[in-house]
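Trainee: Hi! Could you walk me through this structure while I have it open?
Mentor: Happy to. Let's bring it up and start with charged side chains.

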Amino acid sequence: MHARRIRNRRTGGRAAFTLIELLVVISIISLLISLLLPALSGARRSGQRVACLAATKPLAQASAAYGVDNEDWIIGAPGGSGAQLATTGGGPAVQRWDFMGPMASMLGISLAESDGSSLAMAQRFNDIRTNPAFLCRSNNFLSNHFSGPNAGTNRMVSYNTARYQLFIRAGDGAEAGFPGDQAPGTSWYNNTHEERLPSDWKPVVSRIGVPANKIFCGDGSRYSTANSSEGITLPDYDLSPNASWGGAFSDVGPYSTFTRSWDRARAPMNGYPGKIDGRSFGFRHSTSASVAVGAKADAYKGNFVFHDGHAETLGDLQAANPHLWLPQGTMLGPAALFPDVRAHWNITDTFRIGS
């Protein structure tokens, strides 16, 4: 009896855990952690998506303010905000398609303007693409140099504008105000593309249709592709001042197989069986950190800003609606549309873009 009392005092009246019990407890804790971590990660990514959505609204507000001061023109158009670069070689824009540089000047963001030299353009480009006002929090992708002034490797440009809204209809470069342009696709447009803009089109909001129905810009990944015909291209940039086809800042929407900002070739029905899904670059706001390659349409999500100032999170197929990207009255043929876009909207022939 005396010896038992002594043992109880030493153990505090409790029996010690056995090794098996300890291992069971550790296993339970590990299981709980494995269950909780994805939920916490998903919550963090949802928080980033909401924060990024809110951060994009000033872009639309600045675009609207530019239009008020510049005869309703859309910022980022080569014939508008890019014209100073074309005529003087310097100024707020680092490229004729650059909408961020002119916005930075409008918003009072202190960045040294380019004097037209390659070094100054490269420095301003880096300052722009890493500035919090133009940097998506979920953009963890690096972009390498392809052409033009070499700004090294740094963050991919976070947001891209809708390219076909920025052209001006003309028969040649001189008529568009850019006599040095000898080929369509740089700053003017002669109606030889799948997207046939209205004959009187110029990049002004009042002609685009209902502003609430038209995307101004959104999460993008210019220039990248997982397209089977070109192979895999990881994000890079063309910083040539007179770059064609949207340069580093603008592109055709995700409805088209020609897009290099919102490549959807790996979505089901679209025919590319590669190991990389191009949607992961532009549509980077999915709840899961690792959406499966080839996942169903709308599994990948992105934030998009509309001309009326509102912003939405859209799935990759939702965002591929051609009516969101093109001015009303544009005629669009089905040849360059992704197969799932043709199927989802039952597109079998050339059709007219609505308001």
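**Salt bridges and the core**

Mentor: This is a predicted model. Let's begin with Arg279 and Asp316, whose side chains form a salt bridge at 3.3 Å, N to O.

Trainee: Where do Arg279 and Asp316 sit in the chain?
Mentor: Arg279 is in helix α7, while Asp316 is in the loop between β11 (311–315) and β12 (331–332). They are 37 residues apart, so the pair links distant parts of the chain.

Trainee: And is Arg279 buried or exposed?
Mentor: Arg279 counts as buried, at 0% relative accessibility. Asp316 is buried too, also with a value of 0%.

Trainee: Which residues get joined into one network with them?
Mentor: Through salt bridges that share partners, Arg264, Asp277, Arg279, Asp316 and Asp340 form one network.

Trainee: Okay, so what does Arg264 pair with?
Mentor: The side chain of Arg264 meets that of Asp340 in a salt bridge, 2.6 Å from N to O. Arg264 lies in the loop between β9 and α7 (279–282), and Asp340 is in helix α8 (residues 339–344), so this pair ties together parts 76 residues apart in sequence.

Trainee: How buried are Arg264 and Asp340?
Mentor: Arg264 has a relative accessible area of 0%, and Asp340 has 4%. Both count as buried because the cut-off is under 20%.

Trainee: Why would such side chains pair up at all?
Mentor: Side chains of opposite charge can pair when their charged atoms come close.

Trainee: How many salt bridges does the structure hold?
Mentor: There are 7. Another one of them joins Arg222 and Asp251, at 3.2 Å from N to O. Arg222 is in the loop between β7 (215–219) and β8 (236–238), and Asp251 is in strand β9 (residues 250–251), so parts 29 residues apart in sequence are tied together. Arg222 is buried at 6% relative accessible area, and Asp251 is buried at 0%.

Trainee: Switching topic: what about the largest nonpolar core?
Mentor: That core has 73 residues, and those with the most contacts inside it are Phe125, Phe249, Tyr255, Phe304 and Trp325. Elements giving it two or more residues include α2 (19–69), α5 (118–130) and β10 (301–306).

Trainee: Which element gives the largest share?
Mentor: α2 does, with 6 residues.

Trainee: You mentioned Phe304. What does Phe304 touch?
Mentor: Leaving out residues up to four places away in sequence, Phe304 touches several residues, among them Ile215, Trp262, Phe283, Leu314 and Trp325. Trp325 is also on the list of residues with the most contacts inside the core.

Note on methods
Residues are numbered from 1 along each chain as its sequence is written. This is a predicted model: local features need pLDDT of at least 70, side-chain atom pairs count only at pLDDT 80 or more; totals for chains, interfaces and linings use all residues. Side-chain values use heavy atoms; hydrogens and water are left out. A salt bridge is a side-chain nitrogen of Lys or Arg within 4 Å of a carboxyl oxygen of Asp or Glu. Helices (H or I, at least four residues) and strands (E, at least two) are DSSP runs, numbered from the N terminus. Buried means under 20% relative accessible area, exposed over 50%, partly exposed in between (1.4 Å probe, protein chains only). A nonpolar core is a set of buried Ala, Val, Leu, Ile, Met, Phe, Trp, Tyr and Cys residues joined through side-chain atoms within 4.5 Å. Contact means heavy atoms within 4.5 Å.
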